[in-house]
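Hi everyone, thanks for coming.

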Amino acid sequence: MFGLIKTWKALEAKGIMGINRRNADYVLKYNKRNLYPIVDDKIITKLRAIEAGIDVPEMYGVIETERDIEKLSEIVKDHVDFVVKPAQGAGGDGILVIADRFEGRYRTVSGKIITHDEIEHQISNILTGLYSLGGHRDRALIEYRVTPDPIFKSISYEGVPDIRIIVLMGYPVMAMLRLPTRQSGGKANLHQGAIGVGVDLATGITLRGTWLNNKISKHPDTTNAVDGVQLPNWDGFMKLAAGCYELCGLGYIGVDMVLDQDKGPLILELNARPGLNIQIANDCGLTHRAHAVENRIEELKKKGIQETAEERVRFAQELFGHIPTHA
Ligand SMILES: Nc1ncnc2c1ncn2[C@@H]1O[C@H](COP(=O)(O)OP(=O)(O)O)[C@@H](O)[C@H]1O
Ligand SMILES: [Mg+2]
C-alpha cells in the first residue's frame with residue numbers, strides 16, 4: 001500500500017489526474033447522461049458502430065429472457081469458438097471465451113472444459129444482472145471470438161490483448177496496451193491481473209508497464225520484454241479511436257480496440273469512466289495533455305474551426321509523443 005502511495009505521489013508532480021478531478025472536470029463535464037446507454041450497453045455500441053461503418057466483432061446472437069436460453073445451441077451451431085458476455089458488464093466479469101469444442105463439451109481459452117449446461121447457467125446469471133452495472137437485468141451477447149495478431153505471441157499469455165486510447169473531445173490523449181497474464185484468465189482487464197503497458201502516441205512503440213500496481217518491463221509469464229515493441233497499423237488505431245467521438249457523442253471516453261489476425265483492428269467497447277492506471281503505465285499524468293487539448297479547442301473555436309479525425313490525430317501525435325521521432 002505504501003509503495004502505491006509513493007508511486008501516485010511521484011506522479012502527482014507529472015500532472016497526475018485523480019479520481020475526483022476525472023469525475024468533476026471530465027466525466028461529468030463532457031459526457032451527457034442521456035448518451036451513456038450508447039457506451040454502457042455493448043449491444044447498442046455494436047449496432048451504432050456497424051451503422052457508422054466501424055468494424056466490430058460480429059454479433060452471433062442476443063439472449064434476453066430465460067426462455068431464450070435454449071436458443072444458444074442454434075446461435076453457436078456454426079461456430080466452434082465464440083464469446084458470451086454481459087451487455088452491461090465491466091472489468092471482464094462474466095465473460096466466457098470459448099476457444100474450442102471437445103467431446104460434446106466446450107474448452108475455454110484458459111483450457112477449462114465446461115458443459116453446455118454450465119454455459120446456460122452463466123447466461124442465466126448474466127440475465128439476472130449479476131455482472132451488470134448497478135445490478136440491473138441484463139442481456140447476454142454472443143459474438144465472434146477474436147484471434148490476436150501473431151505480433152502479440154511473445155508478450156501475451158493466452159487470450160486477447162487490447163489497446164485502450166483515452167479520447168478527449170475526439171483527440172487521443174494517452175494509450176495503453178493491455179496484456180492478459182496467466183492470472184487474468186485470457187482477459188485484458190487490469191483488475192483481473194492483466195498488465196498495462198504504455199504506448200507512445202506518435203509511433204505506437206510500447207513503453208514499460210504496470211502489473212498489480214508495480215512497474216515492470218517484462219511479461220511475468222513469457223519473461224519477454226514488453227517495451228520497445230512496434231504495434232502494427234498504429235495510425236489506423238489512432239484514427240479509429242478519434243472517430244469514436246463522432247460515433248457516440250461522449251467527450252471523454254476510453255476506446256478499447258483489438259487487432260484480429262484475420263479482420264484487423266476492431267472496436268471492442270467504449271468506456272465513459274476510463275480508469276486512471278493508464279497514467280502509471282505511461283509514467284505520465286493526463287492533466288497537462290487534457291489541458292493542451294482544451295486550449296486547442298478553445299483556440300479553434302474562436303476561429304470557427306472544427307478539426308477532422310485525421311487532424312486531431314496529427315495534433316496529438318505531434319504534441320504527446322514520448323519518444324523523439326527526429327534525433
Ligand atoms: N470477442 C472477443 N474475443 C476474444 N476475447 C474477448 C472478446 N471480447 C472480450 N474479450 C476479452 O475480454 C476482455 C474484456 O472484454 P470487454 O468487451 O472489454 O468487456 P469489459 O467491459 O468487461 O472490459 C477483453 O479485453 C478481451 O481480452
Ligand atoms: Mg474492456
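Okay, let's begin with the distance between the two parts: the centres of domain 1 and domain 2, taken over C-alpha atoms, are 27 Å apart. Keep in mind that this is a predicted model.

Where do those domains sit in the chain? Domain 1 comes in two stretches, 2-40 and 149-320, while domain 2 covers 58-143.

Now, how many residues are in contact across the two domains? On the domain 1 side there are 9, and they meet 11 from domain 2. Put together, the domains bury about 770 Å² between them, and 46% of that is on carbon and sulfur atoms. On domain 1, the residues that lose the most area to domain 2 are Asp40, Glu158 and Lys187, which together make up 47% of what that side buries.

As for the side of domain 1 that touches domain 2, we get 5 polar, 3 charged and 1 nonpolar residues.

Last stop: empty space. You can find it by rolling a probe the size of a water molecule over the atoms. Here the count is 2 cavities of 30 Å³ or more. The largest cavity holds about 390 Å³ of space, and 27 residues line it. Nearest its centre are Lys85, Ile95, Val97, Lys187 and Leu268.

Technical notes:
Residues are numbered from 1 along each chain as its sequence is written. Chains are lettered from A and ligands numbered from 1 in the order in which they are written. This is a predicted model: local features need pLDDT of at least 70, side-chain atom pairs count only at pLDDT 80 or more; totals for chains, interfaces and linings use all residues. Side-chain values use heavy atoms; hydrogens and water are left out. Domain bounds come from an automatic or database domain assignment. Contact means heavy atoms within 4.5 Å. Buried area is the accessible area (1.4 Å probe) that two parts lose on being put together, summed over both. Ala, Val, Leu, Ile, Met, Phe, Trp, Tyr, Cys and Pro count as nonpolar, Asp, Glu, Lys and Arg as charged, and the others, Gly among them, as polar. On a 1 Å grid over the protein atoms alone, a cavity is a set of points where a 1.4 Å probe fits but cannot get out, and a pocket is an open set with protein on both sides within 12 Å along at least five of seven lines; lining residues have an atom within 4 Å of a point. Grid points are joined across faces, edges and corners, and a volume is the space filled by probe spheres set on the points.
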